[in-house]
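Please load the model in your viewer and keep the selection panel at hand.

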Amino acid sequence: MESPHEREQGLLLSRIIANVEKLNESVLVLNRTLQDINVQNMNVEIVAQMFKNYQSNVLFNLEATNNLKGPVSSTPPAQWHPSPDAASPAAKTPSQRPRSAPSPTPPYTNATPLHPPPAPPPPDREVAIVIDNGSWQLRAGFSTDTSPRFTCTPQVARYRDRKALKTYTICGDDTFADATSRSQAKSPFDGNVVGNFDVFENLLDYTFLKLGLEGDGSGGVGHPIVMTEAVCNPNYSRRVVTEMLFEAYQAPSVVYGIDSLFSYNYNSGTTGLVISSSHTATHLIPVYNGRGILPLATRLNWGSTQSTEYLLKLLQLKYPTFPAKLAPWQAEALMVDHCYVSEDYRAEVSSYLDPKVLLEKDRVIQFPFIEQVAQVKSEEELAKIAERKKESGRRLQEQAARMRIEKLVIKEQQLDSMRSLHSRIQDGEFLSNKRDLKRMLDSHGVKDEAALEKSIRELDKSVKRARKEDVGEDVDETPTFPLLDVPDEELDPDQLKQKKTQRLMKSNWEARQRAKAEKEAEKARIAEEERKDAEMRENDLDAWVADKRAQREALVGRLESRKKLKSELADRKSLAAQIRMKSLANLASDLPGGGGGAGGAGGPLGAGAAAGGSRRRTNNPDADDNFGANDEDWAVYRTLGGPSAPGADDDEEEEEKLLTEQIRSLDTQLHKHDPGFEQHLTALAHGDWKNSRLHHFLRGPWAPPLPASMESKEFLERQAEHFQIHLNVERIRVPEVVFQPQMGGVDQAGVIEIAGDLVLGPRTRGVLGDAAGRELQKDVFLTGGWTGLNGWEGRVRRELGCVVEWGSEIRVRKAGDPLWDAWRGAAGWVRGELQFGGEGGEEYRRKRVTRAQYNEMGGEYIKEHRLGNATG
């Protein structure tokens, strides 16, 4: 009977379960909230401790430098924001949005910051801030400095810490300190042009902070700004940066210039050809009377960043199974440290993989790995192990000998029993009782008397063989064939069968005896040849060496010719394959003289010529052409079938194996007795993969094996080899793309071709005059970080000398510091130390755009000057 309350009970139970699940969820939420509260408390404690440490460090530094002063006003410092009276309605840039306070820096350390505190800025407000705004490295400082105060990588990373509920902004080289920031780092540059202005604004904030500029009373930096830019920088990018500098940072004035021209000006250049190979591109700019001729400037879309990607792809193709991941910054470091510009690329790359050259130029980069230490045993331990193995083998041999003797005893007992039964049968003991005979035969495992006799013969042979092998008895194995001397008329049918069997056995035995005699004769002949060979070697070593070398060369020639013929037969268009097809056509022809049998095989591959005389087919199908009478006739099938013929592969492999063994035997003798025959000349060394060019390319020049006493070191080197990268051809191949861009997939002319066009081309003559080319080639100036590689000057001088007029003067020089001379040139231009024409510092003051001019003209307004993008 069903309960009337079952339904109500089920509903109540389901409600209870649901409420318990909600309670569990609430408890979990409460636990997570408590965990977050604990994390916040820990962060507060860490921040408090950091502030305490920072305060103690500041006080210590101030007391040490005697700069500790009393407290000043409690008014909060002014932040950088656009002033209401200076805001322009037409300027709507990202920098004009309300600026928030600087984001906190993540606590990488508990006590000290990553960088030392910046030096105080100069009090003179006319001192300019000089910024070399490069896409690989940003350099900043004041015009009164001799070198930039601050350098960093132009990257900015933002990420949010969910536990701390804070957003961190990390700039410059600090982005490499953490994996999270490194993965989210962004560059403000698109190529070599500023394109991400929010990131660039954060980077400028970071730069000014590092220069010690915390803002003046108006919320600006308070110093004029001199900034470098790319050749032919787009107006939009320059306009937004100008608006940012004037509106967000309240700069009194701004001026732009080209970094390579600043570097050329710093190195006392007036007229010449500037080759600037930097991070993203390579530019060639003619300079005449101190002014850059930008209408003639040419850009090659290849720089160090493309070279880094190219090297990374080459290494990935070279080592597809490399166990470690090669990062782009690692490839850049390898390129900077090991690559160089080859003075003659074609000649050097043709001999680069030669072992002697490669031994000098190969560079091995070892990546870290976990070493597996090999268990190295001492001589005593190895001797004990060998003795134990020897003792164990001796015991096994004794045990096997006892087992063989036991089996021999059992076989002899079985043989005696069978012989006893056979003699009883011969005596007629079982003539009257066939049942007992059948029972005795079954007990011995045979069916009848014939099977019994066969078993006796086989068992007797087995016993004799076992006695000879195990016991060492000299048993006469000469068989007897008694029925062969008895006429067939005196034998019954069973004896006739036995006589036939004995005749076959006698033929086999005689054949074995002949083979044995031939083998003994061959051994005697070989021993006699070895004796004569040793006698010749002792009497006349030079003649013996010459004879062995001649034999070796002949065998090597035969082996090479066989391999060549085999490869040619596999190609239908080769001469050997065509001759074979002609032979097939001759064999298939029914015309007189068209060939037949082996004679039709004709030509170099025909075997019929060896058989002697050509055979003609006749119309009589029953006529015999004697094909097969000679052994050479049967070679026609292998000749016509080629490598695909049945059995041809086996025969050729056996012959090649025999030739290889003979060559190795001669190599062993020559290596032992001929001082001029080295190990690398042997056939074994010739076929060793470690001596191949591919192995030299992947693993460097092959080194001889280590002695047995250094097995542990050899084991370690085998482990380390899997984590090694060998830079050889890549050292000159990567920089060569600047001179041959088609190697990197760039459809442009190379640096030398562009330079030759600028020096000798009609465009230069049309702009500067006929004699300008000769003046440009007298001062070819190299600048930019990519020109820091060795070999640039010699390569440009050599190849440019092949382009210009023979005997004309060519001068190629490199910047004193290809990385920092652009900044130094800009700072010197501001100070008036490197002016052209004795202008002093007036040129800088006349060419800068002031704030009043910006408010009147807008962000696109720039003034022309000889080192900028607008040269007039």
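**A strand and its sheet**

Begin by selecting strand β10 (residues 253–258): six of its six residues are buried, so the strand is largely enclosed by the rest of the structure. Buried here means under 20% relative accessible area, with a 1.4 Å probe and protein chains only, while strands (E, at least two residues) and helices (H or I, at least four residues) are DSSP runs numbered from the N terminus. This is a predicted model, in which local features need pLDDT of at least 70, side-chain atom pairs count only at pLDDT 80 or more, and totals for chains, interfaces and linings use all residues. Residues are numbered from 1 along each chain as its sequence is written, and side-chain values use heavy atoms, with hydrogens and water left out.

In a regular strand the side chains alternate between the two faces of the sheet.

Met 227 stands opposite Tyr 256 in β10.

On the antiparallel side of the tour, select strand β19 (residues 849–850), joined to β10 by two bridges, where Ser 253 stands opposite Thr 850.

Finally, display the whole open sheet, whose six strands have the order β3-β2-β1-β9-β10-β19 with mixed pairing. Its edge strands are β3 (150–152) and β19, each of which pairs on one side only.

Conventions
Buried < 20%, exposed > 50% of the residue type's maximum accessible area, 1.4 Å probe, protein only. Pairing = 2+ DSSP bridges.
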